[in-house]
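This note concerns aromatic rings and their surroundings. Please read the points below with the structure in view.

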Amino acid sequence: MKKNSRKLSNPWLIILGTVLIQISAGSFYAWSIFNNGFMLKSGGTVQAVNGVKKIVGGLPAGSVSFTFTVGMLFLSLATLAGIPLAKKYGIKIISIFASIIYGLSILGLMLVGKNSSIWLLWLFGGVILGAMNGVLYLTTLTNAIKWFPKRKGLISGVCVASYGLGSFIFKYIDMAIAGGAGAITAQNLDRVLFWWGTLALFLSVVGSFFLKNAPEDSASSLDMNNNSNSSIFIEKTNFTTSEMLHTSQAYLIFFCLITAVMFMGLLGSAVTNMAAAGTQTPNEVAVWGGTSAAATFVAIVAIANTLGRFIMGWLSDITGRKTVFFITYIVQLLALIILLSTKPGAMSIGMMYIIVIAMAFCFGGNITVFPTYVSDYFGLKNTSRNYSIIYQGFGIGAIIVGFLMASGNPLNPKNITLSNGAVLTQNFNLTYWVLLIMVIISLVIFVLIKKPIKKNSNIKN
């Protein structure tokens with residue numbers, strides 16, 4: 001029956017459905033273009049204070065951008081439930097359910113208004129939106145990989161590239177709906193949220209109808225075709241989740257994933273403010289993030305992120321996963337060194353483009369290769385469960401970078417005065433230094449790490 005099921009299914013239609021869902025879910029990564037809109041709608045106004053333009057009142061920038069961090073945390077947590085639920089009830093049913101809640105949570109953001117509590121924003125934009133995003137993202141991704149066990153890197157690249165493409169597509173949709181110069185304001189925020197939620201819901205529901213659970217014998221059939229001693233090979237290479245957690249490699253990969261995700265936490269929630277701090281004069285830093293020029297950086301992140309996912313996923317099948325990690329982490333290391341060595345406001349727009357492109361491209365490549373890296377080390381058979389555990393590093397990395405940027409208090413971020421006199425509520429310098437150290441540690445890990453061997457196995461190598 002399993003073999004017949006595989007023959008009767010068109011795996012490429014399943015990939016099509018996965019791509020539609022990934023585009024919908026990836027729209028969340030355009031979050032930073034909404035920051036100023038929520039600040040203004042919650043009561044903030046643009047005022048000139050001592051000659052410097054600021055958004056006064058409303059929800060603070062650090063708290064609003066932390067919504068994305070909350071979303072990333074619940075995105076990772078939800079994968080622990082999403083994968084077993086998809087196995088029990090079927091991936092199509094779970095995806096339809098998650099798609100509906102995902103779209104409604106975006107519409108729920110329209111409730112945020114003047115004097116609203118930050119908790120309302122965090123509930124709809126962080127907890128619910130993030131959780132459903134996680135269910136849609138990882139359950140469909142790992143299912144797609146199982147349909148093509150011989151092309152894991154390519155399929156992973158196609159699917160997660162679509163996830164990155166979502167923020168690029170929806171960024172322009174959101175700006176077009178906003179009208180004018182494309183800036184999100186208190187007046188057009190609800191209109192943009194309505195169409196974002198409606199379109200995201202439609203795409204993911206349609207995509208869900210193409211889905212079908214991969215046959216459980218995917219990994220076994222591949223191993224049996226590639227190894228004469230198939231049962232021995234399967235036992236030696238496929239780790240259960242419990243067995244994986246008894247290896248040091250699981251925790252080392254976990255740390256490296258945390259490091260990789262912190263770059264997306266930085267770019268996804270605050271790339272416009274990061275670019276403003278590096279390139280703008282003190283009197284423009286606070287309001288530049290709401291301009292159409294700043295929104296271009298969101299598009300750049302999306303494009304570079306998408307290209308990195310596809311190119312590095314494909315390259316990892318040719319050169320190996322470690323080679324990809326060495327390339328991406330070294331590039332990110334160089335980007336951090338440049339950021340730390342350049343004075344605030346003194347970097348050219350062109351150089352900031354290069355930095356943002358490099359970071360986003362490398363993050364896209366990293367997040368694509370990690371699922372296949374885990375399956376390389378712990379086997380394909382239990383890769384969905386195993387990666388859902390490792391994937392908790394996604395949420396932890398987001399929380400760490402969120403607290404770093406908020407100087408430890410997302411509810412009341414500390415004001416940071418830069419050397420050029422600009423005042424921010426996001427501590428980029430601290431975030432850069434911590435990331436620099438973690439990237440160096442991750443590179444050492446990739447040099448030393450080796451594939452695990454089952455300690456309790458009675459099978460000889």
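1. The charged end of Lys171 lies over the ring of Tyr172, at 3.8 Å from the ring centre. A charge sits over a ring if NZ of Lys or CZ of Arg is within 6 Å of the ring centre and within 35 degrees of the ring normal.

2. The model is predicted, with local features needing pLDDT of at least 70 and side-chain atom pairs counting only at pLDDT 80 or more, while totals for chains, interfaces and linings use all residues. Residues are numbered from 1 along each chain as its sequence is written, and side-chain values use heavy atoms, leaving out hydrogens and water.

3. Rings of Phe, Tyr and Trp (its six-membered ring) pair if their centres lie within 6.5 Å; planes under 30 degrees apart are stacked, over 60 edge-to-face, and the rest tilted. The rule gives 30 aromatic pairs. One of them is the edge-to-face pair of Phe28 and Tyr29, with 6.4 Å between centres and 75 degrees between planes.

4. Phe28 counts as buried because its relative accessibility is 1%, and Tyr29 is buried at 5%. Buried means under 20% relative accessible area, exposed over 50%, and partly exposed in between (1.4 Å probe, protein chains only).

5. Tyr373 and Phe446 also form an edge-to-face pair, 6.2 Å centre to centre with 65 degrees between the planes. This pair links distant parts of the chain, 73 residues apart: Tyr373 belongs to helix 16 (residues 349-378) and Phe446 to helix 19 (residues 428-448). Helices (H or I, at least four residues) are DSSP runs numbered from the N terminus. Tyr373 is buried at 2% relative accessible area, and Phe446 is buried at 2% relative accessibility.

6. Ring pairs join several residues into a cluster, among them Phe28, Tyr29, Trp31, Tyr137 and Phe394.

Notes. Helix = DSSP H or I, 4+ residues; strand = E, 2+ residues; numbered from the N terminus.
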